[in-house]
Amino acid sequence: MALWLSVVPAQAHGFSSTVYVDLSAPATGHVRAELGLEYDLLVVSAADYEKDDPLFKAGTAAFDGGDATKQAQALTAHDASVLKYVTQRFDIKADGQACTPKQQGDFTIQQREGVPYAFLVLDYECPKADAHEVRSGLFPDSETYVKGTKTIVTYDLDLQTGSSALDSAHPSFSTHQAWTERFWEFFRLGAEHLLTGLDHILFLLALIAGSRRLREIVLAATTFTLAHSVTFILAALGVVHVSPSFIEPVIALSIAVVAGWHLWRLWRRGRLATDLETESRSHLSLDRAGWTRLGVVFCFGLVHGIGFAGALGIQQAWSWTLLWSLLVFNVGIETVQLGLIAITFPLLAVLRHRAPTVALWTTGAIAAGVTVAGLVWFVQRL
């Protein structure tokens with residue numbers, strides 16, 4: 001299994017994984033499910049579940065060799081083990097009655113976020129029904145390396161189109177679920193993404209440490225989230241698609257740059273680093289340095305958004321179905337960001353008022369630590 005060195009969506013395997021599912025109804029009584037699963041994780045889990053050591057050996061050898069053709073061949077040669085594993089953990093019911101799955105076509109391998117994904121199509125024969133229930137229990141298993149999995153489902157079934165995010169706490173959904181349930185799923189997904197994503201937390205921490213006024217940090221965090229939304233829309237239009245091999249190092253570098261910006265101001269202005277350089281006549285009360293920083297944050301937000309869009313599948317043909325949910329995902333991110341700012345920035349403001357020197361050293365130490373972390377990640381991802 002590939003090694004993972006940082007907690008970011010595009011390299012989530014190692015601690016968490018994402019499964020992609022696209023559901024449609026090609027004919028009455030049939031549901032077509034296209035599933036995308038991390039290749040190495042699928043090999044390890046299916047081989048362990050069925051005690052299929054030849055699958056493990058052939059699959060890992062093909063993974064280590066980076067040969068997509070051999071990876072597909074390894075799955076095909078042991079399709080019984082793979083299909084049994086998948087269909088035991090992913091199922092569809094029609095008004096409470098189980099649907100019967102059958103594989104269509106061959107396994108295919110595609111790169112997603114820098115790692116190989118195995119794609120397979122299952123045709124579920126279902127009793128006639130008005131609604132379908134989908135359940136996913138894919139990963140983690142006994143290997144304990146994977147801590148959790150998000151299954152992102154988009155569907156066009158039962159005269160309904162939408163999307164859903166499944167995990168161990170919420171393993172199933174109905175095609176007739178209320179829009180409020182779908183909203184909450186992706187709002188929670190966005191909130192969890194920020195709270196569990198170390199790189200995003202450090203980026204926010206760097207913004208807080210370098211902000212001189214509450215208005216500055218709120219504007220910076222909101223601008224960052226708006227940039228995500230712009231990227232999602234461009235990705236859905238097919239305008240933007242950048243290789244993760246470029247995006248991931250740039251994301252790490254952006255963390256170092258934003259944190260290093262504050263270190264540079266401390267070195268250049270010392271005790272005056274938190275003062276506005278010029279009087280501003282704008283309603284936002286930002287000086288030239290503030291506006292420049294906001295522009296940099298927006299650009300980096302676009303880059304981070306490309307990483308999120310790729311990790312959540314927005315660049316696929318069904319992106320418009322998923323788009324509104326991912327915008328809700330952004331609302332979840334923004335809400336948690338503002339909550340963390342509301343907790344931490346007032347403490348920093350009090351410290352700056354009562355002990356300015358201690359505040360400078362504290363923010364400097366935070367910025368230095370985040371800069372080092374960003375540079376280390378940058379080198380690792382290169």
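**View 1. His193 sits in helix H5, residues 179-196 (helices are DSSP runs of H or I with at least four residues, strands are runs of E with at least two, and both are numbered from the N terminus).** This is a predicted model, where local features need pLDDT of at least 70, side-chain atom pairs count only at pLDDT 80 or more, and totals for chains, interfaces and linings use all residues. Residues are numbered from 1 along each chain as its sequence is written, and side-chain values use heavy atoms, with hydrogens and water left out. His193 counts as buried because its relative accessibility is 12% (buried is under 20% relative accessible area, exposed over 50%, partly exposed in between, with a 1.4 Å probe and protein chains only). Ile333 is 140 residues away from His193 in sequence, yet their C-alpha atoms are 7.3 Å apart.

**View 2. Here's the disulfide between Cys99 and Cys126 (a pair of cysteine sulfur atoms within 2.5 Å).** A search of the whole structure turns up one such link. Its sulfur atoms are 2.1 Å apart, and with 115 degrees about the S-S bond it's right-handed. Cys99 is in the loop between E4 and strand E5 (100-112), and Cys126 in the loop between strand E6 (115-125) and E7, so the pair ties together parts 27 residues apart in sequence. Both cysteines are buried.

**View 3. Four strands make an open sheet in the order E4-E3-E7-E10, paired antiparallel (two strands pair if DSSP finds at least two bridges between them).** At the edges are strand E4 (97-98) and strand E10 (172-174), each pairing on one side only. Strand E3 (residues 90-94) is joined to E4 by two bridges, and Ala94 stands opposite Gln97 in E4.

**View 4. The largest nonpolar core has 43 residues (a core is a set of buried Ala, Val, Leu, Ile, Met, Phe, Trp, Tyr and Cys residues joined through side-chain atoms within 4.5 Å).** Among the residues with the most contacts inside the core are Leu23, Phe90 and Tyr124. Beyond its neighbours within four places in sequence, Leu23 is in contact with residues including Val31, Phe90, Ile92 and Val153 (contact means heavy atoms within 4.5 Å). Another core, of 23 residues, lies apart from this one and includes Leu207 and Trp377.

**View 5. Residues 1-14 have pLDDT under 50 throughout (pLDDT is the predictor's confidence in each residue, from 0 to 100).** The protein averages 82, with 85% of the residues scoring at least 70.
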